[in-house]
Protein chains: 2
Amino acid sequence: MNTNNILIIGAGRSSSVLISYMLNHAKELHASVTVADADLELAQQKINKHAAGKALQLDITNATALAKAIKNSTIVVSMLPAHLHTSVAINCLQLKKNLITASYISPEMKALNDDVKKAGLLFINECGLDPGIDHMSAMKIIDHLHAQKATITSFKSYCGGLVAPQCNDNPWGYKFSWNPRNVILAGQATAKYLLNGKVKYINYTNLFAEAEQLNIKKLGNFDVYANRDSLSYIVPYGLTKAQTVVRGTMREKNYCKAWNVLVQLGLTDDSFVIEEANKMRVVDFTQSFLRDITLANFIKKCGHNSTSQVSKMIAWLDLESTAKLKTTKGTPAQILQSLLEVKWKLNKTDLDRIVMHHAFEYTLKGKKYNLQSSLARIGTNQIHTAMAETVGLPLAIATKLCLQGKFGKTTGVHMPTIPVLYNPILAELNEVFGMEFTETVSEIV
Amino acid sequence: MNTNNILIIGAGRSSSVLISYMLNHAKELHASVTVADADLELAQQKINKHAAGKALQLDITNATALAKAIKNSTIVVSMLPAHLHTSVAINCLQLKKNLITASYISPEMKALNDDVKKAGLLFINECGLDPGIDHMSAMKIIDHLHAQKATITSFKSYCGGLVAPQCNDNPWGYKFSWNPRNVILAGQATAKYLLNGKVKYINYTNLFAEAEQLNIKKLGNFDVYANRDSLSYIVPYGLTKAQTVVRGTMREKNYCKAWNVLVQLGLTDDSFVIEEANKMRVVDFTQSFLRDITLANFIKKCGHNSTSQVSKMIAWLDLESTAKLKTTKGTPAQILQSLLEVKWKLNKTDLDRIVMHHAFEYTLKGKKYNLQSSLARIGTNQIHTAMAETVGLPLAIATKLCLQGKFGKTTGVHMPTIPVLYNPILAELNEVFGMEFTETVSEIV
């Protein structure tokens, strides 16, 4: 008889690997797996008639239905967008269920910490890829260095969802392996980080223009740009002695320069709606952002001549096409997304790749060192993408270990930045799924 | 005995001229004037013991108190920020009172139109300077041209709150004569307008860089930039045949280029809060936006060499001062505002100036014409600024005329774009207060 019931809320693209894993481990966990989604068919499809699986049609705005689903579960994994987690979390607290998510901890989630502790519960957040594996792999190194009495002076960490090199057949080196909207809107929140002892606030206008180059041995040349608020991780990561702390995003070389042209043009603007967009041609859309200059001259004004790689990248997007827009109405960002979803489609035979890279500088016994740690993973196919695996597996493993009581007496609202959480999760990712970081250490002389 | 009671909600800087006018006309209108504000002392101060005046302490979030104040009135003038008008408007509708405001018509206000009409009421909005006098003066010309069967092909309208030329003693040619926060955040909503038959969306990154030059005879050289959504005025203004429709803001020459440096730097960012800002020096604040470049080099990167006027303007702001910031915590925009409030203070002996300019192109009987219409007004003193007068007087006159029944059977939610409203208001502004537009017409050959 099943004593456990794992409730997974959200059956979207990001849940596939998670659901497979939980179904595969159902027997071992004496568990049934309930997949709840507004779209019952989607939930059924993901379960694929597995004996341990159960599909549930759930409208999460229906408070009674949500409470009932959570009440009937042993543990809850929420794959909802971050702002929808709050009602799930409050139900989990009231009904005494542990909760696992891949989302950034919101102020509302953070505020539950004391109550979650008092209830003897564990809410693990930021437990996917980025945030998730980045926290775990970085903290393992940080804790190890601190145990050796090293002083970490610089920490830079980047992650990118990219296309596998053998499937990289467009000048951007990019295809969508994840939520396209997040890619379009990336960087709109001012980036905050620490550089050489100084706090830096880099706004959207300068962010992509100031992207840095990163060469990773055997993996290639990348663009990297700071993302969100790196300052907020200084204390949780124990990096209070570091002069530089940056977390960011990785793209193929030249991506940021070219993307910056679209940003400067205003195509990523999400602040207003263009009505009757489908009456416009693509070229009309593009020209509506150009006051009295051609696109070619605008690109030149951004510092790229007509034979440059950036000009080729922009040209490849066909932004001066005379085809009609297909979006009925939408923000510029939504219209740009619809255009890029065609151009940057991950085709059936395409594989994706995720790359993660940490770079540390530290002093130990009077000497200065550089430590680099990298993970690259290529997807299996279009469903089991590297992105779906690296997001889904840490969540799935955390859920299993939590059910098995492997996190001991840990309670409260957490990220996986503590050894009791990251050690067993990283161990299974490495041993069972072959997710191994390549580490090099060299003395800085 | 007073049969009327005029309720003015909000006793701030913008209400001074309005309150004076209403008190001066109280006897003629058989009216008392109630000035309601959260700050009772401020309301008392504005009334200055006038026999017809009454100060009322009013917390507008107190629904009972707000309803009572409105119930006791004959007509309501709301000087609250736009988003607070809604509760006032709903009370006015329920209690059958006419309402006058200087704010842009919000979607919520617009939605009341049918009910306001059914109740036989008149809600006049956008009845200050800009929006306000701009609507009235432009519509008077538009209606006149249309009556002559002219076709208007181009309409550009600009307004600026500036400093009087004789008091212009800083390289920016600017001092705050109005809400500083609005000046700091100006242009952050994407500008939307019609140019040569094409819709243009110019985002914040490009807006100030693309400011145009405007020379107005006898008044000087100005920078002008498009502001907010000009497209939404095409139908209300009856400009459906025009190829160009732009409404915008006017500043002294070079202002926009220099302001653009601050925008590009990120100093006008209002999206995040810097905690413990008062531990920073001004120079630290500035450098936090510069990744690896000096301010001088950043200005150069923006296209201005070290001896340029723009460099002088930025230098005059002392953004590399070693003085501590006085703001405890705040967004970059709030901190910049606190710095500029010192630099751009309208001193006791300073006078302000408002300038408004309309430029039309139209065809009439096969010929093409250019019509320019300008208003310039210099303030009387620091309280009776040109800004306070040009915002307060149209509101005050509209309130008086409404009480006197001079708007006939006009009902509904309006801007003063119809003759029954703009004709008598403009007439008094001109005849009593000497606000006269200078008009020139020339044939385009």
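Me: How many salt bridges are counted between chain B and chain A?

Reply: A salt bridge is a side-chain nitrogen of Lys or Arg within 4 Å of a carboxyl oxygen of Asp or Glu. Between chain B and chain A the count is four. One salt bridge joins B:Arg291 to A:Glu212, with the closest N and O atoms 3.5 Å apart. The model is predicted: local features need pLDDT of at least 70, and side-chain atom pairs count only at pLDDT 80 or more, whereas totals for chains, interfaces and linings use all residues. Side-chain values use heavy atoms, hydrogens and water being left out.

Me: How many residues of chain B are in contact with chain A?

Reply: Contact means heavy atoms within 4.5 Å. By that rule, 28 residues of chain B are in contact with 28 residues of chain A.

Me: What area is buried between chain B and chain A?

Reply: Buried area is the accessible area (1.4 Å probe) that two parts lose on being put together, summed over both. Here the area is about 2500 Å², and carbon and sulfur atoms give 45% of that area.

Me: What span should helix H14 of chain B have?

Reply: Helices are DSSP runs (H or I, at least four residues), numbered from the N terminus. The expected span is 1.5 Å times one less than the number of residues. Helix H14 (residues 332–343) of chain B has 12 residues and should therefore span 16 Å, which agrees with the 17 Å between its end C-alpha atoms.

Key. Residues numbered from 1 in each chain as written. Chains lettered and ligands numbered in written order. Helix = DSSP H or I, 4+ residues; strand = E, 2+ residues; numbered from the N terminus.
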